[in-house]
Amino acid sequence: QVTWIPAIASLATHCPHFRADKASAAMARTWQRPILGLGLCLAGALASLSCARWGFLFAATPLPPPSAAPKALSVSAANFEPVSLAHAATPKGSNAMLVGALLTVTLVLGAASRARGGRRQGSVTRHATLPHLTEADFEEIRFEGWSGNIKDLPFPFYPGTQGVSWNTPYYRAPRGPARMSLSIVKDPKATFRVRDFYKAPSAGLKAADVKQVSSYTWQGAEYVQGATFSTYQRPKNGWYLEKEKGDKLPAQNTEGYLEYRKKIESLSEVAPKQGVSMDKDFVADRSALAVLLDYVNETFSKTMWNKQQEKAAIDLVKISKVPGSKGLYLERAFDMKNVTAEYVKYRGAWKKSEVSHGGNFFPALYRVCAKEEKPEKFMSITGIWQQAGSRAGKMDPKFRFVEYSLGGMDFLVRTRAHLNTTEGKSVELRHRNHRYKQNATIFEMYTSMILGGTDVTALCFHRSGKIDKMLELTLDGLVEKQPAIVDAAERRFGRLTDLLSKVKEALADIAEGEEYVLQWQNGPLLLGKYEMAPKKKEEEEEKETA
């Protein structure tokens, strides 16, 4: 580390982004502090031996009788005599030994703390300054006359840290926006903005008007009509849940992204098998209605701007014609994981293999809440017994179909289902980190429950996987807690139905087999064709030439 200091000191005069004064001083302290700590330990040991020696001598010298004159102190073997415990417990002997012990402990702890603090301060300062240098910074430094060698700088990682190597660059820029659209809509059939729906009339929806009509599940790749639900039980507070691995980005090329979308889209395949009338205005996923509700509520755009997605084209809902019916399919195309997956911010010196990559705790939560399931436990690498998640086996996804009327239009809605109560009420499981519990709003819970026909939402608050609190939320309980939520939800439902009525009007002449999409482009919502972008002539000529 001593060889790094000249290079860093030279670099400080040329790079405005680099705090070399603190970094070089911290690096110097990383080898000076252990020497200082060793010196303090030796001083403490000498002081302890000295105090203990004098205390032992005081204790080992017999007490003279009161009338006798005091004798000179001697430590020769001839004059040494064993003493009793009563003599050893003299005030002088016990005090001296106590002082020596306290002095030793104080010096040793101080030396250890000082040495440890120096190592920690040096590592944090080094990692907080050097990795922010980019190649552009180095080019600017060379242009201004710095003649140093980049190889003389300290390494940007600790040997043995997972995910980095000797070839790791000092700075790695965060990835750009992931692909979230099949193509960019350039010739929209209609354009919508939130302000267009401010004056839309409210649309009411009661829980009693939402009726379940069917259910199904997937057992592997096999479709099974009529799902069987386990019974809900309240898990114990203090249990630890296993965290799943973080999400992965889908393929970013056009062919790969289209294949990824086809694998997860199944609404048009399963809806005709439910044995109910398809003569509805909309056959939709609840998640598709939820994302459009977020848009008209002006929360979706704010979230995307906060995530720096203003330059991205994002497909929200894919729309197609229901064969032999007046209705339209609404299938959600937006997935929040494409915004957050594989996006790990720089964490300085604390980069470890255990750092979170955005996984969730749902499989483990389901196993501890399902009465018929037998949860398995395993010990984590930190010695904590955790409830197993997907390592104990994958769960079969289950769905319900409900129907209702909203804003003068008929809906057949598919929603995800998890468990049932002993009274037969539907239960949906959710979890939130205790530190982000403000994200679980009453508006979100109320609207998702009433649009999907859910009777109970079991909301788990956890602290990094440790169950902290379990709430069983019902619609009546949410209304009792905040009565104004009914009026607020009905006003947003009015905006949603106004948007959907304009979409239906714009696609009145849509043919079977045609597909459209509602695409977000930095605020406005564009209705355009859902198709692959035409290839450029240059690319086609290159392929023909090859």
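Contact, in the description that follows, means that heavy atoms lie within 4.5 Å. The model examined here is predicted.

Helix H6 spans residues 254–264, and its buried residues are Gly256, Tyr257, Leu258, Tyr260 and Arg261. These buried residues pack against two elements, strand E7 (328–332) and helix H10 (337–340). An α-helix has 3.6 residues a turn, so residues three or four places apart point the same way.

Lys318, like Glu265, is buried.

The salt bridge between Arg463 and Asp468 has its closest N and O atoms 3.3 Å apart. Here Arg463 is partly exposed, with a relative accessible area of 37%, and Asp468 is partly exposed as well, with a value of 29%. Elsewhere, salt bridges link Arg286, Glu428, Arg430, Arg432 and Glu444 in a network.

The largest nonpolar core contains 61 residues, of which Ile319 and Tyr404 touch the most other members. When residues up to four places away in sequence are not counted, Ile319 touches Leu328, Tyr329, Leu330, Val503, Leu507, Glu514, Glu515, Tyr516, Leu518 and Leu527. Another core, of 18 residues, lies apart from the largest one and includes Ala364, Tyr366, Ala370 and Ile467.

The structure holds zero disulfides. A disulfide requires two cysteine sulfur atoms within 2.5 Å. The sulfur of Cys369 has its closest cysteine sulfur in Cys460, at 7.1 Å, which is too far for a bond. Cys460 is likewise in no disulfide, the sulfur of Cys369 being the nearest cysteine sulfur to its own. Cys369 counts as buried because its relative accessibility is 0%, and Cys460 is also buried, at 0%.

Asp285 lies in strand E5, which covers residues 282–285. With a relative accessibility of 7%, Asp285 counts as buried. Apart from neighbours within four places in sequence, Asp285 is in contact with Leu267, Leu330, Glu331, Arg332, Val413 and Arg414.

Helix H8 (residues 286–296) and helix H14 (residues 485–506) have axes that come within 9 Å and cross at roughly 110 degrees. Angles of 65 to 115 degrees count as roughly perpendicular, and the two helices H8 and H14 are therefore roughly perpendicular to each other. On the side of H8, the residues that meet H14 are Leu289, Leu292, Leu293 and Val296. Their counterparts in H14 are Arg492, Phe493, Arg495, Leu496, Leu499 and Leu500.

Note on methods:
Residues are numbered from 1 along each chain as its sequence is written. This is a predicted model: local features need pLDDT of at least 70, side-chain atom pairs count only at pLDDT 80 or more; totals for chains, interfaces and linings use all residues. Side-chain values use heavy atoms; hydrogens and water are left out. Buried means under 20% relative accessible area, exposed over 50%, partly exposed in between (1.4 Å probe, protein chains only). Helices (H or I, at least four residues) and strands (E, at least two) are DSSP runs, numbered from the N terminus. A salt bridge is a side-chain nitrogen of Lys or Arg within 4 Å of a carboxyl oxygen of Asp or Glu. A nonpolar core is a set of buried Ala, Val, Leu, Ile, Met, Phe, Trp, Tyr and Cys residues joined through side-chain atoms within 4.5 Å. Axes are lines fitted to C-alpha atoms, for helices over the stretch in contact, and angles run from 0 to 180 degrees between N-to-C directions. Angles under 35 degrees count as roughly parallel, over 145 as roughly antiparallel, 65 to 115 as roughly perpendicular and the rest as oblique.
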